[in-house]
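Please look over the structure below before reading on. The briefing after it takes one topic at a time.

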Amino acid sequence: MGDIFQQITGAVIAIILALAGLVIYFWGTNWLLDRLLSSGSSSGNEITRRDNIRSQIRPWLFLFPALLFLTVYLVYPVVETFRLSFFDKNGVFIGFGNYVWAFGDSGFRQSIFNNILWLLIVPFFATAFGLVIAVLADRLWWGTIAKSLVFMPMAISFVGASVIWRFVYDYRAAGENQIGLLNAIVTGFGLPPQAWITLPLWNSVFLMVILIWIQTGFAMVILSAALRGVPEETLEAARIDGANGFRIFFDIMIPQIWGTIVVVWTTITIVVLKVFDIIFAMTNGQWDTEVLANLMFKWMFVNFDYGRGSTIAVIIMLSVLPIMVWNIRRANAEEGTR
Amino acid sequence: MATADIATDIPRPVSSSPNLLSRIDAGRIFTHIALLVLVIIWTVPTAGLLISSLRDKDQLAVSGWWTALTTSRSQNVERLPTAEGQVEENGKFVIRGNLFGDATHKTISAFGLTADTPAATPVGGSMPMNDGGTITVQSTGDYEWLSDTKFEHTRGPRVFFVADIPPRFTLENYVEVLTANGVFRSFVNSFTVTIPATIIPILMAAFAAYALAWMRFPFRGLIVAVVVGLLVVPLQMSLIPLLSMYNNIAHVLGAEDGKTYLGIWLAHTAFGLPLAIYLLRNYMAALPKEIMESARIDGASHFQIFTGMVLPLSFPALASFSIFQFLWVWNDLLVAMVFLGAQESKLVLTGKLVSLLGSRGNNWEILTAGAFVTIVVPLIVFFSLQRYFVRGLLAGSVK
């Protein structure tokens, strides 16, 4: 108990110190800048020069702590991981040796295959369900409650969600009382119960269901907001022309919000590429469910081979890269319109 | 003229309007049903977990949570004491006891002496035993084994029985996970990690966001591009170099390893910064230009404008980010495992839950209650602050 008390005290002190440190830094440097380069008692030319210097320096004072953290914790490690991927377990340079190993390794190929499967299935279904729920909910009086409930899994950790779904998938031998919902339904139809988590290929799908369950809420919220931007006159015009609900949905709504659908799709794609917790908690890669992020964790913490671990991380990074470039270009384009 | 007759005889509105009405109603009903089905699919798994966590653990193991309100029936077996347990009363020899031990809420409906015939005799009845005498079992589980001759068996015979467990809801599972399984400790650890990691990045990000939104300086565009790029960099890229760095620092300082709370606070701070800067910059950049300019003309410095105007005005964006960061840090498993380790006393709730899945994978009373303890805090945050969460989500993606 004393241990816990110490821990809490430590956290409180850390918050106070960090905030005090930041406040002192920002106020202090600002005060120093104004003080050292004060524009008082100087000629007009000198004032302009000093003002200029100050406005050159000030942004960097504002940026410094954030840039420091980003550099140490994200930029440097990215470079370092690239470098490490060319070294073996003992720190000997082996060129592309790790990459050659990776593509010959059955575990790695299994992971790539599964990751592609995840990429094909999860973003599609999460976006599709999100869109359907958004469209349905916006037309009903209890839509807000419905959306709130579908959105709820977004707040649940991947591990918590894994436990929730493992309970749904729970398996008892035939003849016993099934306490897992899925097997209860299956046996209710007179079919034999299945150990879903060990069923080859399908088990990956059952793990994907967890992520779809979580991400649908995200897709729904974003798409729902986009749908509200579709002009009512357009929909009205289509209705007058006699278009039915399905035509309006496919021919008018979807083209109008296509840009948002792409954003949602790519955002979920990135989540999928990094998915780790679900596989780690549910199967730890057994029964052919391995994915890259979990494989990397194994090479890092089970085999302590930082070279191969880094190589797998780089491959995850490379698969994210196209989306990253696209995001940056989009942000730049927007910068131009501002 | 025939056409005119038809036109007057069958007025179109009458024939088509009920048809149209019924079609609209059908569509409406279909919408209601479709959404209802989807909402049920989305909520039932969580509901099942919550209901199960509140059930009696014996019931939980033998019946589905959807039967939580009905009495469940299970077959059990219990071994009777050896001859040493006998007492002599009025010239007869007796062995007494209760088949349930101390549990009181169950009842027995029938019992038997072999696994194939667990319901051979209804309660209150008697059965002859192989070791001599007869046994009588009551519905409470009390049994009495009576014999005229002295018991001499050295191995207690088994009694099979059918037990009815009436529906029962309890907080016992929660008490058990919080006291006996180290979940409470993990709960404290999760807070220890999350609160500082949520608060520390805010001020840092706000200053940087203001600079990127309202100040002019070289490389601004490049820095914005880097921040947008870092938004999607997989954390996996950071783990190995940072772990090595932490271990080296610990080595220099003479500590045993680099797994400290300070280390994880700083790591989470940095990992949250790209989103924080991005969200806050977008928000600040959308603030009306005129206010800034008039303040500048009045002689206010950037520092005064930022602390006096922009920071208070940015409250909604700050709130959005804080919720994101809180949920993300609380729900994180990977960063905690790498930078805090798998040592029992340092496990956060997600790590604890994974370890329970491994060690108590079939004890659903532990897992369901443990899982609910893990998700209850984010759910409270989520439902009470959903507005800010949604706003942040929209600002972060639809741009």
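**Overall shape**

Chain A has a radius of gyration of 27 Å, whereas a compact globule of 338 residues would have one near 20 Å; the radius is taken over C-alpha atoms, and the globule rule is 2.2 Å times the number of residues to the power 0.38. This is a predicted model, in which local features need pLDDT of at least 70, side-chain atom pairs count only at pLDDT 80 or more, and totals for chains, interfaces and linings use all residues. Residues are numbered from 1 along each chain as its sequence is written, while chains are lettered from A and ligands numbered from 1 in the order in which they are written.

**Chain A**

- Taken along the principal axes, the C-alpha atoms of chain A fill a box of roughly 95 × 70 × 50 Å.
- Chain A has 14 helices and zero strands (DSSP runs: H or I of at least four residues for helices, E of at least two for strands, numbered from the N terminus).
- Of the 338 residues in chain A, 40% are buried, meaning that 20 or more other C-beta atoms, placed from the backbone, lie within 10 Å of a residue's own.

**Chain A with chain B**

- The contact takes 91 residues from chain A and 86 residues from chain B (C-beta atoms, placed from the backbone, within 7 Å).
- On the side of chain B that touches chain A, 62 residues are nonpolar, 22 polar and two charged (Ala, Val, Leu, Ile, Met, Phe, Trp, Tyr, Cys and Pro count as nonpolar, Asp, Glu, Lys and Arg as charged, and the others, Gly among them, as polar).

Note on methods
A residue is buried if 20 or more other C-beta atoms lie within 10 Å of its own, exposed if 12 or fewer, and partly exposed in between; C-beta atoms are placed from the backbone. Two residues are in contact if their C-beta atoms, placed from the backbone, lie within 7 Å.
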